[in-house]
Amino acid sequence: MTDKRKKLIYALLRIVVCAVALAYVLNGVTLYDYAELATGERLRVVGETDTTLTVLRDRQEVTLPRQQIAVDEDGSERITYGLYGAMSRANPRILLLCWVVFAPVGLLQSLRFVWMLRAQDIHISYWESIKLSFAGNFLNFFALGSTGGDVVKAYYISLHTEQKTEAVTTVFLDRVIGLMGLLTTVGLVVFLCARSFQLLVVGYLFAAAWLGVVLGAALLCSERLRSWLASRPSVGRLIALADERRSESTADSSRLRSLIVWVLHQGRRAEQTTHRLLRHKSLVIGALLATVVLQAIAVSDFVLVCRALDMDFSGGKMWDYYAITSTGAIVAAIPVTPQGFGTVEATYKHFLLGSHGTLSQILCMAMGIRILQLSWALPGVLVTMTGSYRPRRGSPESAATPTSPPPQP
């Protein structure tokens with residue numbers, strides 16, 4: 001199977017997963033509010049008070065006592081609240097506060113990236129880090145899906161240094177550190193705040209993932225393991241493969257051998273970059289703490305979005321929102337659909353519907369969180385369109401040379 005066909009199949013699978021998740025989420029949603037009367041009549045609601053309901057009947061507004069509304073077995077009124085109603089009842093002042101509170105998230109992310117690069121003896125200004133981080137966030141969120149922006153960000157940072165392999169590797173290590181901080185935040189929130197068994201199970205799964213990453217980092221720091229891996233004969237077999245091609249074409253063999261040596265060399269530098277970062281414990285701890293703080297700010301802001309939509313916060317349910325929005329952040333990081341589109345909404349619906357809010361409120365909540373993140377990623381448009389991701393003329397970074405070709409053996 002060719003790489004092109006594999007990519008096509010993977011793209012189709014993502015579309016199918018997204019479509020199935022959206023079908024589950026959108027099942028039963030309406031645009032406007034509707035009420036079912038005891039007579040079986042279903043009318044659109046245009047207003048309500050504690051004792052009355054204003055509905056449209058034959059295009060005329062009619063006010064009815066709430067006693068005429070049909071009720072379920074648990075005594076709840078059969079009123080379906082739509083998207084328009086949920087948005088119109090949102091508190092605009094709290095929504096504006098949400099937008100302001102989210103501001104430090106990108107700034108802390110940029111600070112973390114500066115620290116990560118410093119471990120590799122790569123020095124860029126904080127302002128340059130802000131531009132690169134916002135550009136990556138924009139491309140991650142808007143244009144290229146969950147991880148595509150990191151690829152472009154890796155290219156951008158490679159323009160600022162001659163240590164290109166180290167710079168590119170640091171971008172993806174920054175992603176790993178961000179995931180570690182997110183898992184830490186989610187684990188603390190779920191175990192401290194979750195009141196349902198389902199959320200506790202999710203918390204245990206995230207804790208296992210966190211432990212796996214920590215164990216992998218510990219093994220990577222093991223000199224004994226590194227020596228054992230270096231002594232494996234796999235490298236020799238790859239070089240021998242290139243030599244076997246010599247009988248077919250000397251030029252092809254030489255190019256293949258050069259490519260294998262170059263790939264192995266870059267892989268070795270990437271591994272050394274990771275090990276060098278792990279030796280700077282203070283920078284790693286600082287990056288993790290910055291991630292925990294920015295994730296705490298983000299999750300608190302997501303809960304504030306729920307408050308703005310007038311969702312149910314009675315009986316200590318506020319802590320449920322912390323646990324569930326944290327879980328949604330993890331789901332969004334899984335590259336199954338772009339930015340977890342569909343899967344995040346399905347997660348919110350599974351945990352919140354009926355107990356914390358209506359389906360329309362849940363969908364507006366997911367939409368509000370996405371708009372919040374996108375609005376703070378939009379400055380990245382200016383970075384990508386104006387080319388300001390390039391090093392300034394006269395700066396030390398502008399002397400960085402293009403990526404060198406594969407070295408000859």
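**Leucine 309 and the cores**

I looked up leucine 309 and found it in contact with Ala86, Ala90, Gln361, Cys364 and Met365, leaving aside its neighbours within four places in sequence. Contact means heavy atoms within 4.5 Å. I note that this is a predicted model, in which local features need pLDDT of at least 70 and side-chain atom pairs count only at pLDDT 80 or more, while totals for chains, interfaces and linings use all residues. Residues are numbered from 1 along each chain as its sequence is written, and side-chain values use heavy atoms, with hydrogens and water left out.

Next I looked up the largest nonpolar core, which has 48 residues. A nonpolar core is a set of buried Ala, Val, Leu, Ile, Met, Phe, Trp, Tyr and Cys residues joined through side-chain atoms within 4.5 Å. Buried means under 20% relative accessible area, exposed means over 50%, and partly exposed is in between (1.4 Å probe, protein chains only). The members that touch the most others are Leu309, Met311, Tyr321, Tyr348, Leu352 and Met365. Several helices each supply at least two residues of this core, among them α2 (83–88), α8 (197–220), α12 (281–308) and α13 (318–333). I also found a second, separate core of 17 residues, which includes Phe113, Leu117, Ile124 and Leu132.

**The whole chain**

I counted 16 helices and five strands in the protein. Helices (H or I, at least four residues) and strands (E, at least two) are DSSP runs, numbered from the N terminus. Of the 409 residues, 42% count as buried. Of the contacts with a separation of 6 or more, 65% are between residues 24 or more positions apart.

**α14 against α15**

Two packed helices are described by the angle between their axes and the distance between the axes. I found that the axes of α14 and α15 come within 10 Å and cross at roughly 140°. That makes α14 oblique to α15. Axes are lines fitted to C-alpha atoms, for helices over the stretch in contact, and angles run from 0 to 180 degrees between N-to-C directions. Angles under 35 degrees count as roughly parallel, over 145 as roughly antiparallel, 65 to 115 as roughly perpendicular and the rest as oblique.

On the α14 side I listed Val344, Glu345, Tyr348, Lys349 and Leu352. They meet Leu359, Ile362, Leu363, Met365, Ala366, Ile369 and Arg370 in α15. By class, this contact of α14 with α15 has nine nonpolar, no polar and three charged residues. Ala, Val, Leu, Ile, Met, Phe, Trp, Tyr, Cys and Pro count as nonpolar, Asp, Glu, Lys and Arg as charged, and the others, Gly among them, as polar.

**α4 against α7**

I then took α4 (residues 103–118) and α7 (residues 164–193), which pack at an angle of about 125° with their axes 10 Å apart. They are therefore oblique to each other. The contact is made by Arg112, Phe113, Met116 and Leu117 of α4 and by Thr170, Val171, Leu173, Asp174, Ile177 and Gly178 of α7. By class, the contact of α4 with α7 has six nonpolar, two polar and two charged residues.

**Single residues**

Glutamine 295 lies in helix α12. I put it down as buried because its relative accessibility is 15%. Not counting residues up to four places away in sequence, glutamine 295 touches Leu182 and Thr185.

Arginine 59 is in the loop between β3 (52–57) and β4 (60–65). Its phi is near 65°, a positive value in a residue other than glycine. Arginine 59 counts as exposed, at 83% relative accessibility.
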